[in-house]
Amino acid sequence: MTNIAIVYHSGYGHTARQAQAVKAGIERVAIMRGLLLTTEEAQSRWDDLAAAEAIIFGAPTYVAGPSAAFKAFQEASSHAVMAKGYRWKNKIAAGFTNSGAQAGDKLATLMQIALFAAQHGMHWINLDLPPANNSSFGSKAELNRLGFWLGAAAQSNVDEGSEIAPPEADLATARHLGQRVAEATLQFVRGRR
């Protein structure tokens with residue numbers, strides 16, 4: 001089995017549902033296994049992250065950026081990973097985020113996560129889906145209904161709990177990202193061998 005870690009923070013459970021969907025997408029690919037870790041758990045499992053072939057990062061978008069808990073994880077990685085010889089160099093990376101508004105400045109969060117991965121020497125995988133729901137023939141049920149390129153984005157109505165939100169289209173988009181990262185990781189690992 002090849003491990004892909006999913007490191008995420010979820011304040012209200014919505015981003016956790018997205019993380020679970022990413023894991024389900026990973027496991028659509030034979031021999032690939034997803035390892036779900038909250039940012040708190042991840043800070044005691046640096047060796048598991050170093051052993052993973054890829055890491056997919058997820059955070060809710062709060063005030064135009066990743067949550068404080070995710071930022072704490074990022075900052076902790078400086079000492080635990082970078083200072084110990086760039087332990088994530090050449091790993092595959094990707095990201096996802098969720099917020100209450102349809103745009104919600106999610107792109108700023110995805111950019112911060114992508115830069116974080118770049119600082120670790122990781123290879124970023126984008127969503128590879130055209131934007132949907134942007135024509136009279138579009139539908140809110142389509143993948144990438146919010147129109148993001150850099151990673152998977154979800155929108156959860158602020159008055160709905162995580163048992164309802166984010167909607168299925170956003171969870172399907174997260175599964176797509178997980179599967180895409182798993183396929184790219186498999187190609188990368190085989191090429192390295």
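Buried means under 20% relative accessible area, exposed over 50% and partly exposed in between, with a 1.4 Å probe and protein chains only. The model is predicted: local features need pLDDT of at least 70, side-chain atom pairs count only at pLDDT 80 or more, and totals for chains, interfaces and linings use all residues. Residues are numbered from 1 along each chain as its sequence is written, and side-chain values use heavy atoms, with hydrogens and water left out.

**Exercise 1.** Determine which residues of S7 lie on each face and whether they are buried or exposed.

*Solution.* Helices (H or I, at least four residues) and strands (E, at least two) are DSSP runs, numbered from the N terminus. In a regular strand the side chains alternate between the two faces of the sheet. On one side of S7 are Ala152 and Ala154, and on the other Ala153 and Gln155; all are buried.

Repeat the step for strand S5, residues 92-99. Ile92, Ala94, Phe96 and Asn98 form one side, Ala93, Gly95, Thr97 and Ser99 the other, and all are buried. Eight of the eight residues of S5 are thus counted as buried.

**Exercise 2.** Identify the strands that pair with S5 and the sense of each pairing.

*Solution.* Two strands pair if DSSP finds at least two bridges between them.
- Strand S3 (residues 54-62) runs parallel to S5 and is joined to it by seven bridges; isoleucine 55 has alanine 93 as its bridge partner.
- Strand S6 (residues 123-124) pairs with S5 in the parallel sense over two bridges, with isoleucine 92 opposite histidine 123.
- Strand S7 (residues 152-155) pairs with S5 in the parallel sense over four bridges. Here asparagine 98 stands opposite alanine 154, and serine 99 has glutamine 155 as its partner.

**Exercise 3.** Classify the packing of helix H4 (residues 68-82) against helix H5 (residues 106-119).

*Solution.* Axes are lines fitted to C-alpha atoms, for helices over the stretch in contact (heavy atoms within 4.5 Å), and angles run from 0 to 180 degrees between N-to-C directions. The angle between H4 and H5 is about 5 degrees, and their axes are 11 Å apart. Angles under 35 degrees count as roughly parallel, over 145 as roughly antiparallel, 65 to 115 as roughly perpendicular and the rest as oblique. H4 is therefore roughly parallel to H5.
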